[in-house]
Amino acid sequence: MTFHKILIANRGEIALRIIRACREMGIQSVVVYSQPDAESLPVRLADEAVCIGPAPANLSYLLIDRILSVAAICDVDAIHPGYGFLAENAYFAEACAKHGIIFIGPSPEAMRALGDKATARATMKKAGVPITPGCDGTIDGEADALKVAHQLKYPVIVKASAGGGGRGMRIAHNDATLIQGFYAAKSEAESAFGDGTLYMEKFIVNPRHVEVQILGDNFGNVVHLGERDCSIQRRNQKLVEESPSPALSDKLRDRIGAAAVRAAKAANYTGAGTIEFLLDTDENFYFMEMNTRIQVEHPVTEMVTGIDLIKAQILVASGGKLPFRQRDIKCHGHAIECRINAENPLRNFAPSPGLVKLFIPAGGPDVRMDTHVFSGYRIPSFYDSLIGKLIVRGRDRKDAIARCRRALQEITVEGVDTTLPLLKAIIGSKRFADGRYDTGFVENFLKEIVKGKVVKE
């Protein structure tokens, strides 16, 4: 089967990324958009564009019935959800199937099994994938939370079972902070996901966050495409990613890749997905969660493997076989991605929507910028603050860092606050150059910036 037309149920840089892949594959694209996105690049560059509502996502990008109506009117074969919004919504995937439209992603069954974090833990444990010590099942009230915490011993972390993106998570070091964190996480999870179910794990102190990209088809083939180190984060959301991870030996890299493949096979997974692990200081790794969609940071993997992950998603969804096996996948060089957000890092990453008066992207050999922003673009206040991603590749890590520094210096964004100054400081720091960082890096680094103690190479 070859798709004739794909509807893109998303916005911003990921919508633009999918449009470009469709065009190269000879597939027509349709984007749905909200009123503030009427002048956006995806709307301008898609073959067709249909407005589906006002700014709030629950009145536009999250309206399944309206999206499916557009799909029917435009006679599309498939829908690509991108990331965020409806990308991991099993009901949406089922609704697509009922309307004879292919959902470009995993099956609803796999999505439910892996999207619910407590169920995913049980699946991984059965498959022999290491999991963080934690509760069996979910937490049933305050008393149960205290009981489990005492069994695990503090510190512990309470997590939303249906969560993601760092929401619905609280770390506790004693009974008082646990009770406070339990109700805060529950409330946040109910607001963000409509599900306040929680579970609990032992909190791994100073871990690395390492994730493995996998691809599976409908013929039983599952491969991994190496790992990405995503440890540099703010509020559990990633800022800098690189591949390969400077923290892994070749032996550990093979073990964690094999575990990711076992995890995907255990869930009968098809399409692109990411298995996320925590790595402790003793080189033990633990399954954290699986993202059943394309990741924001997928270009890092594309740069080192040469494999187009969006095209692979479309190929698998159309019934095609993966054209490669594990032995065919080779990683060449080193890649780094920096997420540029319209935020002020020194004001607790407060969003900075508004008019971009001037935008100049970086360029040059082995430099890629995925962005939907241009001079004169107005960043709306209703959505994620990501305005672009800088991705560079070098022959080795040292070369990639030098190229990343140079490229960051070229980027100009005037009119709004961005994370560019922080990214320049991070990539220019001696600690990053030495690969000495963990998930607490950004918080400590910002304190050093304020005190004027940042050490540059």
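Before the first selection, one term: a residue is buried under 20% relative accessible area, exposed over 50% and partly exposed in between, with a 1.4 Å probe and protein chains only. Helices (H or I, at least four residues) and strands (E, at least two) are DSSP runs, numbered from the N terminus. This is a predicted model, in which local features need pLDDT of at least 70 and side-chain atom pairs count only at pLDDT 80 or more, while totals for chains, interfaces and linings use all residues. Residues are numbered from 1 along each chain as its sequence is written, and side-chain values use heavy atoms, leaving out hydrogens and water.

**Stop 1: the parallel sheet**

Select β2, residues 28–34. It is mostly covered, with 6 of its 7 residues buried. Now bring in the rest of its sheet: an open one of 5 strands, in the order β3-β2-β1-β4-β5, with parallel pairing. At the edges are β3 (48–53) and β5 (102–103), each of which pairs on one side only. Pairing here means that DSSP finds at least two bridges between two strands.

Turn to the partners of β2. Toward β3, 5 bridges join the two strands, which run parallel; pick Val31 and you'll find Ala49 as its bridge partner in β3. Toward β1 (residues 5–8), the pairing is also parallel, over 4 bridges, and there Ile6 has Ser29 in β2 as its bridge partner.

**Stop 2: α4 against α5**

Next, select α4 (residues 90–98) and α5 (residues 108–115), whose axes come within 9 Å and cross at roughly 175°. That crossing makes α4 roughly antiparallel to α5. The axes are lines fitted to C-alpha atoms, for helices over the stretch in contact, and angles run from 0 to 180 degrees between N-to-C directions. Angles under 35 degrees count as roughly parallel, over 145 as roughly antiparallel, 65 to 115 as roughly perpendicular and the rest as oblique.

Show side chains for Ala90, Tyr91, Ala93 and Glu94 in α4, which meet Pro108, Met111 and Arg112 in α5. Contact means heavy atoms within 4.5 Å. Sorted by class, this contact has 5 nonpolar, no polar and 2 charged residues. For the classes, Ala, Val, Leu, Ile, Met, Phe, Trp, Tyr, Cys and Pro count as nonpolar, Asp, Glu, Lys and Arg as charged, and the others, Gly among them, as polar.

Stay in α5 and click Ala110. Is Ala110 buried or exposed? At 2% relative accessibility, Ala110 counts as buried. Not counting residues up to four places away in sequence, Ala110 touches Gly115, Ala267 and Tyr269.

**Stop 3: α7 across α8**

Switch to α7 (residues 141–152) and α8 (residues 175–193), where the axes come within 10 Å and cross at roughly 130°. The two helices are therefore oblique to each other. On the α7 side, the contact is made by Gly141, Glu142, Ala145, Leu146, Ala149 and His150, and on the α8 side by Asp175, Leu178, Ile179, Phe182 and Tyr183. Those residues divide into 7 nonpolar, 2 polar and 2 charged.

**Stop 4: the antiparallel sheet**

Now select the open sheet of 8 strands, ordered β13-β12-β9-β10-β11-β14-β21-β19 with antiparallel pairing. Its edge strands are β13 (285–291) and β19 (367–371), each pairing on one side only. From one strand to the next, the twist averages 25°.

Zoom in on β10 (residues 222–234), where 13 of 13 residues are buried. β9 and β10 pair in the antiparallel sense over 6 bridges, with Glu211 opposite Arg228 in β10. Their hairpin has 5 residues between the strands, and Gly220 takes a positive phi near 90° there. β10 and β11 (residues 237–243) pair in the antiparallel sense over 4 bridges, with Ile232 opposite Val240 in β11. That hairpin has 2 residues between the strands, and Arg235 in the turn has a positive phi of about 50°.

On the other flank, 9 bridges join β9 (residues 208–216) to β12, which run antiparallel. Look there for Val210 opposite Phe277 in β12.

**Last stop: Thr270**

Finish with Thr270, in the loop between α9 (250–266) and β12 (271–279). Thr270 is buried, with a relative accessible area of 14%. Leaving aside neighbours within four places in sequence, Thr270 is in contact with Gly105, Pro106, Ser107, Gly216, Asp217, Asn218 and Val316.
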